[in-house]
Amino acid sequence: MSRSASSTSNRHLAHLSIVERGKLAAIAGNHDMALECYRTGLRMAQSLSAPGPFARHYTDCILDSLERAGRLEPALSLCESASRELSEIPSPNPLQRRDHATLLLRQALLLLRLGREKDADLRLAESIALARPGRLPLAEEIQGWRARALTLTPERLDEAQARHGYYTVRRDTLRPDLARISETRVDHCAFSRHHEVTPPRS
């Protein structure tokens with residue numbers, strides 16, 4: 001690796017490691033700590049003008065913890081905001097289309113949990129159309145359940161999400177070695193729990 005490439009990589013290690021600490025906290029069930037880490041990491045990445053995929057990944061982590069903690073309305077609001085950002089890109093690339101479709105699917109699941117079935121049906125249809133058939137099996141499975149008028153309990157949704165690897169933050173994707181890199185104490189990070197995160201363009 002060239003010196004310039006190594007320098008570029010090293011300057012992103014701080015926010016990467018803080019976010020990884022957040023993932024460890026989320027897996028342990030401490031979503032308040034996880035959200036502190038994710039939002040701090042996201043602000044650091046934005047201050048460094050980090051490539052878009054960093055911000056998208058960190059936003060997904062935030063959405064995971066909001067949803068797992070039962071904070072459905074804030075999760076839906078952030079999800080809608082991020083989705084609007086992607087919808088405004090004139091000629092999205094395949095990754096941006098995939099990201100947008102995934103956000104629409106997440107909106108649908110949040111809406112179902114909030115009891116807004118008709119809105120959820122619209123988002124499911126939009127996500128499948130944007131991703132193209134066969135690309136979002138979870139969306140298609142839930143759409144099929146809705147078409148058969150099945151009762152979608154929280155437990156049934158939980159099972160489907162786990163089976164399809166819906167969440168970004170999972171035990172099998174953790175990097176504890178990366179979490180140890182940062183010497184920053186997360187609890188000392190300047191952070192407001194009500195900080196509004198700017199949704200990223202991928």
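**A tour of paired side chains**

Start by selecting Arg 71, which is partly exposed at a relative accessible area of 31%. Under 20% counts as buried, over 50% as exposed and anything in between as partly exposed, with a 1.4 Å probe and protein chains only. The model is predicted: local features need pLDDT of at least 70 and side-chain atom pairs pLDDT 80 or more, while totals for chains, interfaces and linings use all residues. Residues are numbered from 1 along each chain as its sequence is written, and side-chain values use heavy atoms, leaving out hydrogens and water.

Helices here are DSSP runs of H or I with at least four residues, and strands are runs of E with at least two, numbered from the N terminus. Asp 32 is partly exposed at 34%.

How many salt bridges does the structure hold? There are 15, each a side-chain nitrogen of Lys or Arg within 4 Å of a carboxyl oxygen of Asp or Glu.

Next, select Arg 106 and Glu 67, whose side chains form a salt bridge at 3.2 Å, N to O. Arg 106 lies in helix H6 (residues 94–113) and Glu 67 in helix H4, so this pair ties together parts 39 residues apart in sequence. Arg 106 is buried at 5%, and Glu 67 is buried at 5%.

Move to His 12, in the loop between helix H1 (3–11) and helix H2 (13–27). Its relative accessible area is 6%, so His 12 is buried. Its side chain makes a polar contact with that of His 15 at 2.8 Å; such a contact is a pair of N or O atoms within 3.5 Å, where within protein one must be able to donate a hydrogen and the other to accept it, and residues adjacent in sequence count only if both atoms are side-chain atoms.

Finish with the rings. The structure holds 2 aromatic pairs. Phe 54 and Tyr 58 have ring centres 6.2 Å apart and planes at 50°, so they are tilted. Tyr 166 and Tyr 167, at 4.8 Å and 80°, are edge-to-face. Rings of Phe, Tyr and Trp (its six-membered ring) pair if their centres lie within 6.5 Å; planes under 30 degrees apart are stacked, over 60 edge-to-face and the rest tilted.
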